[in-house]
Amino acid sequence: MRRAYFKFSWIAAALLAPQLLIVFVFFYWPSAQALYWAFTLEQPWGGGNTWVGFDNFRQVLSDPYYWSSVRVSVIYALATTVLAMSMALILAMFVDRQLAGYKAYRVAIIWPYAVAAPAVGLAFQFVFNPGAGLFSYINTIAPGWWDLSKYPWQAVTAIVIAGAWKQVAYSFIFFLAALQSIPRSLTEAAAMDGARPLRRMMDLQLPLLTPTFFFLLVINITDSFTDSFGIVDTLTGGGPFRATDLMVYKIYADGFRGFDYSGAAAQSIILMLLVMALTFVQFRYIERRVHYT
Amino acid sequence: MAEISIRNVTKTYGKTTIMQGVNLDIHNGEFVVILGPSGCGKSTLLRLIAGLEDITAGEVLIAGEVVNQLEPRERGCAMVFQNYALYPHMTVAENIGYALKVAGLPKVERQSRVEATAKSVGLTDFLDRKPGQLSGGQRQRVAMARAIIRSPKVFLFDEPLSNLDAQLRVQMRHEIRRIHNQIKATSVFVTHDQHEGMTLADRLVVMNKGTIEQVGSPAKIYDNPASIYVAGFIGSPAMNFLPGHISVALRGVVLESGRLVPLASQPNLPDGHLVHLGIRPEHATLVRAGAGTIDAQVDMIEELGASRLCNLLFEDIPICVLTEERPDLAAGATVGLDFPPQRIHLFDAVTGRRIPNDLALVFEKREQPISV
């Protein structure tokens with residue numbers, strides 16, 4: 001790899017400083033703090049702490065509630081990723097084939113990405129509310145059948161749908177860009193070779209999309225582990241019966257409601273390691289199957 | 001194998017007309033080259049035949065059947081694209097065999113046909129490679145093999161050689177012609193390179209601004225260009241043009257400077273009719289100053305090895321003369337130019353069309369007339 005060397009310059013340092021400061025204050029400092037807290041027992045109101053070594057981790061990992069939180073987080077991450085990416089791919093293919101009205105929904109599909117997670121959760125409150133939302137029509141047919149504050153699987157389904165809805169936009173943009181970067185002559189060559197649109201999709205477009213597919217897989221899984229707090233908080237509050245108590249949400253609940261700063265810090269560290277490990281696994285084992293052209 | 005008939009075909013994109021009322025008949029087994037500058041509609045015409053573009057008006061017939069409404073796969077054409085359009089994630093063998101795979105041929109038969117086709121274009125050693133690992137010439141061969149393997153009724157070539165370097169281009173040109181001579185499928189080849197067009201074509205179609213200017217054998221078009229546009233486009237270096245008017249009394253063309261250029265025969269035109277006199281660089285000869293048809297000043301001499309390109313100025317009109325002699329001429333020197341009367345072309349200054357005269361007929365006898 002080629003390297004460039006630059007002379008030190010005060011102007012460059014001054015221009016970099018604001019960004020570096022933000023990264024330091026909002027990432028490195030809290031991370032270091034969390035790491036420190038994870039190995040100590042922190043008093044909720046401040047004032048002294050005790051070094052406890054791996055006790056916090058031992059406690060977290062022996063907590064059955066924590067493992068059920070990991071389980072539902074994995075289910076949530078996989079389900080939202082699969083749902084969001086498949087929806088995004090289908091929509092991107094429609095737009096790429098310029099089906100009727102594609103110009104209107106090309107713009108409309110990008111919007112959800114600009115909506116903050118808590119707002120998404122709030123909006124889906126109105127959709128999923130058993131008494132007044134869209135889903136309440138189900139209850140007029142089968143009274144009491146739909147209630148996400150009562151049935152765990154319904155609550156999980158609800159946050160998966162809301163989470164996927166938010167992530168569709170991001171994947172859509174990338175899929176569309178990737179589809180449009182496939183040279184038109186390739187599609188035409190396949191058409192001359194006798195392949196119909198569906199066949200061309202299977203033999204040509206999907207294989208050529210694999211780099212994008214892989215990139216989005218990494219981003220979506222990471223996002224659904226770390227960026228789901230807002231949706232859970234506004235839509236289900238972790239319930240019912242801790243059914244939607246995702247790892248990020250549990251960190252918040254244990255730390256700021258249960259005042260177990262040390263336990264929450266240990267969970268943060270575990271989540272960070274988990275996301276890093278997942279990303280590593282994806283690069284190590286899935287990237288091999290990717291055709292970069 | 002099949003004949004192609006293009007009947008009154010028009011193509012518009014929105015309000016822009018790309019092609020206006022084009023008529024062309026391509027015979028069975030013929031190699032036709034469509035030649036023209038970029039943007040003249042030549043690629044569009046090819047894509048209309050292939051079915052990659054919709055026909056706005058008119059009809060395209062392949063083997064006597066109107067194909068306007070048929071999908072590309074139903075037309076029996078194979079196409080070689082300018083950028084080859086190879087499938088980057090498939091091996092050479094998979095690229096060549098893709099059409100057969102889509103058609104549902106059994107694997108064994110597919111494999112033997114892929115191998116046979118690869119052998120015929122010299123790709124046997126590269127079957128397991130991906131297109132990204134091939135040179136430009138090899139990619140071109142894969143694109144050819146992919147077209148050949150289907151035994152199509154019609155071959156369509158969309159500037160397939162323009163991405164190759166000069167040497168490889170000549171080599172692939174020969175190969176394409178050799179393959180055509182072997183399998184004799186009707187071929188339509190689009191290019192902006194006149195050398196490619198002249199060397200490959202049985203018949204040449206010269207296009208300009210969405211219409212066909214002239215159709216004929218390369219020699220016929222060179223000898224008898226139908227318009228000032230074709231005359232300037234075919235031939236390298238390009239034909240020289242001198243404006244003037246007809247003088248019946250003097251049996252010739254009076255140039256703007258008052259110089260008379262005698263003609264071999266009297267064209268059937270009124271006195272004073274405005275014309276452009278055309279003479280090819282290879283047909284004008286250098287003579288002593290004052291001894292030729294006109295005198296001109298030397299601007300620059302370009303050495304080409306076998307010949308020399310003399311750039312002259314005749315009253316601010318650049319004239320190019322190609323000579324095999326080695327004249328000792330310095331810039332600014334005056335030299336005489338002789339225009340053999342039987343080599344002079346005349347074009348109507350208003351319509352740009354060729355003005356027929358007896359001498360043109362002399363050259364037309366050199367070949368059998370071809371019905372267009």
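How many residues of chain B are in contact with chain A, and how many of chain A with chain B? The points below begin with that count.

1. Basis. This is a predicted model, in which local features need pLDDT of at least 70 and side-chain atom pairs count only at pLDDT 80 or more, while totals for chains, interfaces and linings use all residues. Residues are numbered from 1 along each chain as its sequence is written, chains are lettered from A and ligands numbered from 1 in the order in which they are written, and side-chain values use heavy atoms, with hydrogens and water left out.

2. Extent of the chain interface. On the chain B side 24 residues are in contact with 19 residues of chain A (contact means heavy atoms within 4.5 Å). The two chains bury about 1,900 Å² between them, with 59% of it on carbon and sulfur atoms; buried area is the accessible area (1.4 Å probe) that two parts lose on being put together, summed over both. Of the area that chain B buries against chain A, 33% is supplied by Arg73(B), His89(B) and Tyr98(B), more than by any other three residues.

3. The rule finds 1 salt bridge across the interface of chain B and chain A, where a salt bridge is a side-chain nitrogen of Lys or Arg within 4 Å of a carboxyl oxygen of Asp or Glu. Glu188(A) and Arg47(B) meet in a salt bridge through their side chains, at 2.5 Å, N to O. Between chain B and chain A, 8 residue pairs are in polar contact, both residues at pLDDT 80 or more. A polar contact is a pair of N or O atoms within 3.5 Å; within protein, one must be able to donate a hydrogen and the other to accept it, and residues adjacent in sequence count only if both atoms are side-chain atoms.

4. Elements on the chain B side. At least two residues each come from α1 (42-50), β6 (77-80) and α2 (92-102) of chain B, and the largest share, 4 residues, is from α2(B). Helices (H or I, at least four residues) and strands (E, at least two) are DSSP runs, numbered from the N terminus.

5. Domains of chain B. Chain B is divided into domain 1 (4-228) and domain 2 (240-364); the bounds come from an automatic or database domain assignment. Their centres, taken over C-alpha atoms, are 39 Å apart. The contact takes 10 residues from domain 1 and 13 residues from domain 2 of chain B.

6. The domain interface. Domain 1 and domain 2 of chain B bury about 1,000 Å² between them, 51% of it on carbon and sulfur atoms. Tyr222(B), Asn224(B) and Ile228(B) lose the most area in domain 1, together 57% of what that side buries. Here the rule finds 1 salt bridge; Glu213(B) forms a salt bridge with Arg353(B), with the closest N and O atoms 3.8 Å apart.

7. Backbone points to check. Most residues other than glycine have a negative phi, and most peptide bonds are trans. Ser236(B) and Pro237(B) are joined by a cis peptide bond, with omega about -5°, and Pro237(B) is in the loop between α8 (228-233) and β11 (240-247) of chain B. Lys184(B), not a glycine, has a positive phi of about 55°; its place is the loop between α5 (166-183) and β8 (186-191) of chain B.
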